[in-house]
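Hi,

Here is the structure I promised to pass on. Have a look at it first, and then read on for what turned up.

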Amino acid sequence: MAVPEALTAIPGVRTAAQLREPGDGELLAVLPELARLLPGGGLRRGTTVAVRGATSLVLALLAAATREGSWAAVTGLPELGLAAAAELGVDLERVALVPEPGAELVAVVSALVDGFDLVVLGPGLVQPQTARRLAGRVRNRGTVLLAAGAWPGADLELRVTGRRWHGLTQDGHGHLRSREVVATSRGRGSAARPSSLGLQLPGPEGRPAAGIVPGRRLVEVAG
């Protein structure tokens with residue numbers, strides 16, 4: 001399938017044949033606070049990653065890669081908050097948005113996989129058979145597919161639990177400053193053994209920061 005001209009016209013977007021230029025690494029960088037969640041400390045090209053429980057973690061995974069020159073596309077997330085993405089460290093000048101892929105989901109995602117380093121897909125859009133087809137294309141093209149939700153047969157699954165907001169007083173007044181979460185990763189091969197990490201997502205400055213030690217009791221707070 002040819003990459004649509006509208007995509008290749010975006011400065012810096014490459015075709016599938018150009019994705020693996022000499023010197024390209026197998027891993028795309030992530031923020032240091034997230035590296036322990038991922039085998040090798042980065043996003044491995046040609047893999048699918050399911051992120052469950054927090055769209056903010058999906059966006060945080062784009063931050064370092066886009067700041068270092070990679071291009072990302074996001075589809076199926078029409079209510080994506082660009083301000084929140086920027087606060088998490090994403091370079092918005094290197095992100096293309098396709099809010100609604102419509103009936104041609106497979107064609108749209110395939111074209112994005114052909115031309116971008118990272119592709120984010122909204123939740124609940126893909127059936128198992130389609131997931132297998134797209135995963136094969138992801139492997140062939142050396143792209144990273146981040147699914148905001150469950151993904152059948154994902155190479156790696158990241159799950160966010162134990163949310164606790166900071167900033168409100170006991171009577172409910174104040175301003176939300178940061179959110180403590182526990183992020184757990186589990187996948188295939190070297191990632192088969194679960195790994196958990198305490199994070200502030202977002203941290204006081206908006207970007208992810210080191211959080212609690214996993215295993216401490218958390219209290220769910222509404223909001």
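A quick definition before the first finding: a nonpolar patch here is built from Val, Leu, Ile, Met, Phe, Trp or Tyr residues with over 30% relative accessible area and no salt bridge, their side chains being joined within 5 Å. Keep in mind as well that this is a predicted model.

With that in hand, there is a nonpolar surface patch of about 230 Å², and the residues that make it are Leu-82, Leu-92 and Leu-97. Leu-82 sits in helix 4, which covers residues 82–87. Is Leu-82 buried, exposed or partly exposed? It counts as partly exposed, because its relative accessibility is 38% and that class lies between the 20% and 50% limits.

Now for the inside. In soluble globular proteins, nonpolar side chains tend to be buried together. The largest nonpolar core in this model has 40 residues. Leu-43, Leu-57, Leu-61, Leu-62, Leu-118, Leu-146 and Leu-158 have the most contacts inside that core. Helix 3 is the top contributor, giving 9 residues.

Setting aside neighbours within four places in sequence, Leu-57 is in contact with Leu-34, Val-51, Leu-158, Val-160 and Leu-201. There is also a second, separate core of 19 residues, with Ala-73, Phe-116, Leu-121 and Ala-154 among them.

Next, helix 6. This helix runs over residues 128–141, so 14 residues in total, and spans 20 Å from first C-alpha to last, close to the 20 Å expected at 1.5 Å a residue. Which of its residues are buried? They are Thr-130, Ala-131, Leu-134, Ala-135, Gly-136 and Val-138. The cover over these buried residues includes strand 3 (47–52), helix 5 (105–115) and strand 7 (144–148).

Last, the charged pairs. Side chains of opposite charge can pair when their charged atoms come close. How many salt bridges does a search of the whole structure find? It finds 5. Here are some of them:

- Arg-137 and Asp-114 meet through their side chains at 2.9 Å, N to O. This pair links distant parts of the chain, with Arg-137 in helix 6 and Asp-114 in helix 5, 23 residues apart. Asp-114 is buried, because its relative accessible area is 1%.
- Glu-157 and Arg-52 form a salt bridge at 3.6 Å, N to O. Glu-157 lies in strand 8 and Arg-52 in strand 3, 105 residues apart. Glu-157 is partly exposed at 26% relative accessible area, and Arg-52 is partly exposed too, at 30%.
- Glu-157 also forms a salt bridge with Arg-159, where the closest N and O atoms are 3.1 Å apart. Arg-159 has a relative accessible area of 36%, so it is partly exposed.

Put together, Arg-52, Glu-157 and Arg-159 are linked in a network of salt bridges.

Cheers

Notes. Residues are numbered from 1 along each chain as its sequence is written. This is a predicted model: local features need pLDDT of at least 70, side-chain atom pairs count only at pLDDT 80 or more; totals for chains, interfaces and linings use all residues. Side-chain values use heavy atoms; hydrogens and water are left out. Helices (H or I, at least four residues) and strands (E, at least two) are DSSP runs, numbered from the N terminus. Buried means under 20% relative accessible area, exposed over 50%, partly exposed in between (1.4 Å probe, protein chains only). Contact means heavy atoms within 4.5 Å. A nonpolar core is a set of buried Ala, Val, Leu, Ile, Met, Phe, Trp, Tyr and Cys residues joined through side-chain atoms within 4.5 Å. Patches are made of residues with over 30% relative accessible area and no salt bridge: like charges are joined within 9 Å, nonpolar side chains (Val, Leu, Ile, Met, Phe, Trp, Tyr) within 5 Å. Accessible areas come from the Shrake-Rupley method with a 1.4 Å probe; for residues, only the protein chains shown count as cover. A salt bridge is a side-chain nitrogen of Lys or Arg within 4 Å of a carboxyl oxygen of Asp or Glu.
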